[in-house]
Amino acid sequence: MNSSTKPATGKPASTGKWANVVNRYGVAMVFTLMALALMEAVPFLKIAPFMLLVAAVALSARYAGFGPALFSSVVSILIADFFVLEPRFSVAIDLHRDFIRIGEFFFVSLLVAQLARQRTRAEHVIQEVRQRLGAIVESSEDCILSKDMNGIINSWNSAAERLYGYKPEEVIGRHVSMLAPPEKANEIDDIMSRLRQGERVGHLQTERIHKNGKRLSVWLSVSPIRDESGRVIGASALTHDVTAQVQVERRLHGTERELAAAYDRLQLAQQAAQIGSWEWNIGSGKVMWSPELEEIHGFAPGTFGGSLEHWLQTVHPDDRESLQKRVLAALQQGGQYDAEYRSVRPDGSVYWTAARGKVFYDSVGRPQKLVGVCLDIDQRKIAEENIRQSEKLAATGRLAASIAHEINNPLEAVINLVYLAMHDPSLSPESKKYLTLADNELGRVAHLAKQTLGFYRDTSAPVRLRVTRVLDEVLDLCARRLESKEITVQKDYGEEPEITAFEGEIRQLFSNLITNAIDALPRHGRLRLRADYAADWRDSGRPGVRVTVADNGCGIPGETLAKIFEPFFTTKHDVGTGLGLWLSQSIVEKHTGYMRVRSTTTPGRSGTAFVVFLPQSAGVAAKSEVSSAA
Amino acid sequence: MAYEIETTPSAGITVLVVDDEHLIADSIAEILNRNGFQARAVYDARAALQEVERDCPEIYLSDVIMPEMNGLDAARIVRRNCPHVRVMLFSGQAATKELLRVAAGQGDDFELLPKPLHPQVLIAKLRGDHRLQ
């Protein structure tokens, strides 16, 4: 092939059959008449007239077919008889001599016609095969081109046109290197040298360049073309475009790399953030923990049991049931799992953990696995608790400021009115006694209001006071309640210890502690008061007084005990304000003292003891300014 | 109607009592009058200033937190008009103390009484009797 393999445009099939017949027989007639004309022009040729006529028959057979060749031989016999054989211009023949010559001519012309016809048929077959092969090449989805041994392109199919964007006329006659990127020039040379040695280049993955400059990824096979003698005269190149596959592969490869990188990052993040990951395979029941999760839960690497039961054992008993419900809810409803719960390490320490997960379902919607993360949120919980506490305190302060004015004003008015009524001389002694009691109670209310609402100002300076005297005065105030509950008071006073302090506040402190004890005591309960000199149990060099107020009441449960010093925390919902112990604590702190509480709810030996240490004098003077500014 | 009168003479000390709560102003004035003082009650700072313009009291006893003009600003004007007046402010709110601290820093050294205050303590303070304070 030395041109495009595109098939030549055929003649229109509309040519009439009869026209074709006339043409073919006309051609035979023309060849025969030309032979006659030649003989007439060159008389020398008449020596062997049938030679020219055989040539005319042969030409007719070659170009017009077997029928016209027969026609030509018959016409040739007639012409030879009439124009050539003696007597000329007569149809008469010498039967003996000419008939044999005519017979020989007819036989030879038949033979020639037959041979010519066979050759024509063979040529038709070859052409047909060639056209068919051309069509196959042309219609191939793969790009097929051929080139000579210099690398000059000499054929180019439609797929090649589609792949490279060049039309046949743009590439045929040009060097094949125009299709390769510059850096592949050596590759072309290599292919050409291998072809010269008769080698085939198969399945070479390489790159080629489209007419628009875009790079193409291709599979290339180049085979040598040999002539009849076996000599390599060129090559055919079959090119298969794999750009899309290569891109997909690259993307896939990229995705794999990204996945690996993401996994690495995830692991780093887990380690840095102390986040563990887990996976529960619902079918097999197996639970997988990451090393971080084992560390969070206090397990040595690889020692987690790997089942749901093992996991539940790490959960605080009080939180197990609610957690199981959450897992169940995630499986049945949302598919999302989110929980905060307490866990217990093998060493018994309790800490808060948060877990988040997602349910994965199989093709028919059955939950297959639950996958998620878990982290230690203990520090966060502590911080949250601290914030709650400080917010509560701040709220307390705001509340105190806002209600102080509203409470103190009417209190002032009532105290004034009671005072006026009390000094009315027409009052009966009994009424006067009632008003005096009311005045005392109002005094207590006023005192409490000042203390609790932040305006307390013990206008007197800190005084030297005997602690046991203040305790006894408070007991006197509570005498009626002690009597009504038939409570036994056991006093254990040492050396009648003295301290320098704000008396009103110390009285308030003891009053709060004793009132709480009486509230906690059952009938016939026992109240123990102890006071003596003691050293500061935190700073043994500091002398002071230790006062203990103990009862054998019901005791305070552990979770309540942790909150009793919080403002507004009360167990006495009907009568308590929740400020008593908070206030007591602040009084003790103001005097740079300490207070601690011990309590047990064990039946038979239940009870609560508040122990207060108040320094003899240190700190009070320094604190008095703070107090007056409070 | 007869009343018990405190025996300790208050020598007719004039007191102007100012409080936007009428009941408080009136009851304090009543208590003081029964104890030998000459007390008048008014219910806002402007009325107090008008009173002071007419006649300087010996003691100016005023609430701090009042609508329109607060007791502290009014007390400053009173002190300017009557340099010898004894100014006593009383309040039920802790923040007042900070106000007075600032005022003291500016040269206005007023006495502060916390509300609620028992009448006996108030009388003792007005008489300058430190035993009862």
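Me: What makes two strands count as a pair?

Reply: Two strands pair if DSSP finds at least two bridges between them. In this predicted model, strand β16 (residues 594-600) of chain A and β17(A) pair in the antiparallel sense over seven bridges. Within β17(A), A:Phe610 is the bridge partner of A:Val597.

Me: Which residue takes a positive phi in the hairpin of β16(A) and β17(A)?

Reply: That is A:Gly604, with a phi near 95°; the hairpin has six residues between the strands.

Me: Which other strand is joined to β17(A), and by how many bridges?

Reply: Strand β15 (residues 543-551) of chain A, by eight bridges, and the two run antiparallel. Here A:Ala550 has A:Ala609 of β17(A) as its bridge partner.

Me: Why is β17(A) described as largely enclosed by the rest of the structure?

Reply: Buried means under 20% relative accessible area. Strand β17 (residues 607-615) of chain A is largely enclosed because eight of its nine residues are buried.

Me: How do I read the span of helix α8(A)?

Reply: Compare the reach from first C-alpha to last with the span expected at 1.5 Å a residue. Helix α8 (residues 243-273) of chain A has 31 residues and reaches 43 Å, close to the expected 45 Å. After the helix comes A:Gln274, with a positive phi near 55°.

Me: Which residues of α8(A) are buried, and what do they pack against?

Reply: A:Thr243, A:Val246, A:Gly254 and A:Gln270 are buried. The elements they pack against include β3 (201-209), β4 (215-226) and α9 (291-296) of chain A.

Notes: Residues numbered from 1 in each chain as written. Chains lettered and ligands numbered in written order. Predicted model: local features only at pLDDT ≥ 70, side-chain atom pairs only at ≥ 80, totals over all residues. Heavy atoms only, no water. Helix = DSSP H or I, 4+ residues; strand = E, 2+ residues; numbered from the N terminus. Expected span 1.5 Å × (residues − 1). Buried < 20%, exposed > 50% of the residue type's maximum accessible area, 1.4 Å probe, protein only. Contact = heavy atoms within 4.5 Å.
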